[in-house]
Amino acid sequence: MSTEHPARTVGRVNLIATEELTKVYGGRVRALDRLTVSVEPGIIGLVGANGAGKSTLIKILLGLLPPTRGSARVLGLDPLTQGDQVRARVGYMPEHDCLPPDLIAAELVTHLARISGLPPTAARERASEALRHVGLYEERYRQVGGYSTGMKQRVKLAQALVHDPDLLLLDEPTNGLDPAGREAMLELISRIGKEFGISIVVCSHLLGEVERICDTLVAIDGGKLLRADRIESMTTATGVLVVEVDEGIEELAEALAALEPQRDGPALLVPLAGEETYDQVLRAVAERELPLHRLDQRHHRVAELFSPEVAA
Amino acid sequence: MTSVIHDIGYQRYQGARLGRGFAVRSLYLHSLRTAYGLGRSAKAKIFSWLVAGLVLTVAAVVAGVRAITGEVLMDYPEFADGAVVLVVLFVAVVAPELVSRDLRSGVLALYFSRPLRRTDYAWAKLAALVSALWLLLAAPMLVMFVAGAFSMDSWSGVWREAGDFAGGLGYAALYAVVFGSIALAIASLIGRRAVAAGAVVAAFLVTTPVVGLLEVVGGENAQYLAGLFSPATLMLGVHGWLFGEVDALYPGPFGLWYGVVTVAVVAAFTGALLMRYRRVQR
């Protein structure tokens, strides 16, 4: 991994490894249930519905929460006993609002860089750098309170990045952003992972969003591991074409019977075997002169990934 | 050469990482500056500097009267006692500024995900408030000392004045620890600054009638001990115990009690503060 940045490699150690990790709140609520997973450096998408246990996992990885049972290792360190060392090498971007509105962005990030252990001068320089990398230039001398949601998300990312961590933990980084803002944020995360060579865990409840930038996906539900795999193996398994025609859907289904299509409301789901599937579908539609309304590869949603046939 | 500024790309950080002790020191300094609005807008500076201006003015008047007439209006510990209303106002505004703001903005998540522990945060904030309060009392005392020392005829006089000054600084430190720990523990429970400020003032005010009531209805011993029930009179008792006569019934023969209760109060409120940050969410 990250051949351009050999210094980044953490030896033969896994980026993150958990063993039977379990967290029970108040003796009843089981946030994590015997989660065993290990991932290699890269951009990792951690997907699951709200309440699936993503934030609990992140807090355990940061050493902020002790697991009820099981163990975790981050960058080869035990967050339970070596929390300080883990937190010095990890950057964390929380999901919720966490910026004091009365502070100037540059001052806030500089201050937080010092709390991460950077000497005063280095802290100031790296704060400017980090803010520049996330796309904040002159605005960084204004109070955070006057920022748009997109700018605030960028400051949150900058403070996670300021101390040059080996791993970034991003909790729902696109929350509250409009489509363009989401796009820009994903682009930025992808750049940080690929060009800066920093490993990233991106938490999201939107699979469609993270799958585009990740090279590994970890899906959890109800605190249990559903799947953890390289993204290539996942997309081939879930590749499906959605075909919608304004009329004659039955006719089309018959014509495509060899491809074993499934009805899904007004649409037809055709398993994607390769490029030729597109041709077959288009030919069938053209031959019958059906009004084609939609033809695209399905955007996976967490729900699909969680459905039994996919999880199996 | 072109005039284009090249994006030099991402640079790794190879320099020193100073760790937890440095993190705590940085938070302490940042918070101490916050107490006086340094590095913030002019609006944030107004209150602290107004209070500081008031106590400095009083000190200048005391020093001036002494220089001209030779009369000592108040000695160092009396000066601290006299400033109690301003001290209460100061902690009521500054304590919420230091902790309530952080509770409300959610910035604690950013602190606790760094090599700084929850109790480190509490200690740094407490140290900052106590320091800010001590400076508020020590600076005017310094004015009084400088004026007093210059009006002395002999070195032994200056020496004696320095001893009194040192005692005053120690008493100011005790004052700062007592009022700082109480105010910060209360403010750390409330996210809204205005509410927190009200709660701090109330905590210092509601205890005053208790003292008054005990003084009126109690027997002789109850009157001596009445001062234990409010921070300001508690300090007055300690003052009497450490420096002799004060203008109050207490501490009477119970000086040691006042000392012990003061230590207990500081320990209890500091403990409560640490507990609070062990549990606080986010």
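This is a predicted model: local features need pLDDT of at least 70, side-chain atom pairs count only at pLDDT 80 or more; totals for chains, interfaces and linings use all residues.
Local features were required to have pLDDT of at least 70 and side-chain atom pairs were counted only at pLDDT 80 or more, whereas totals for chains, interfaces and linings use all residues. Residues are numbered from 1 along each chain as its sequence is written, with chains lettered from A and ligands numbered from 1 in the order in which they are written.

In chain A, 33 residues are in contact (C-beta atoms, placed from the backbone, within 7 Å) with 29 residues of chain B. At least two residues of this side of chain A are supplied by each of α2 (83-89), α3 (105-115) and α4 (120-133); helices (H or I, at least four residues) and strands (E, at least two) are DSSP runs, numbered from the N terminus. The largest share, five residues, comes from α3(A).

Chain A also contains an open sheet of six strands with mixed pairing, in the order β5-β6-β7-β3-β8-β9; strands pair if DSSP finds at least two bridges between them. From one strand to the next, the twist averages 15°, with axes fitted as lines to C-alpha atoms, for helices over the stretch in contact, and angles running from 0 to 180 degrees between N-to-C directions.

Strand β5(A) runs parallel to β6(A) (residues 167-171), to which four bridges join it. Within this pair, Gly91(A) stands opposite Leu168(A). Helix α5(A) (residues 149-161) packs on the sheet against β5(A) and β6(A), its direction making about 165° with that of β5(A). Helix α6(A) (residues 179-194) likewise packs on the sheet, touching β3 (43-47), β6 and β7 (199-204) of chain A, at about 155° to the direction of β7(A).

Conventions. Two residues are in contact if their C-beta atoms, placed from the backbone, lie within 7 Å.
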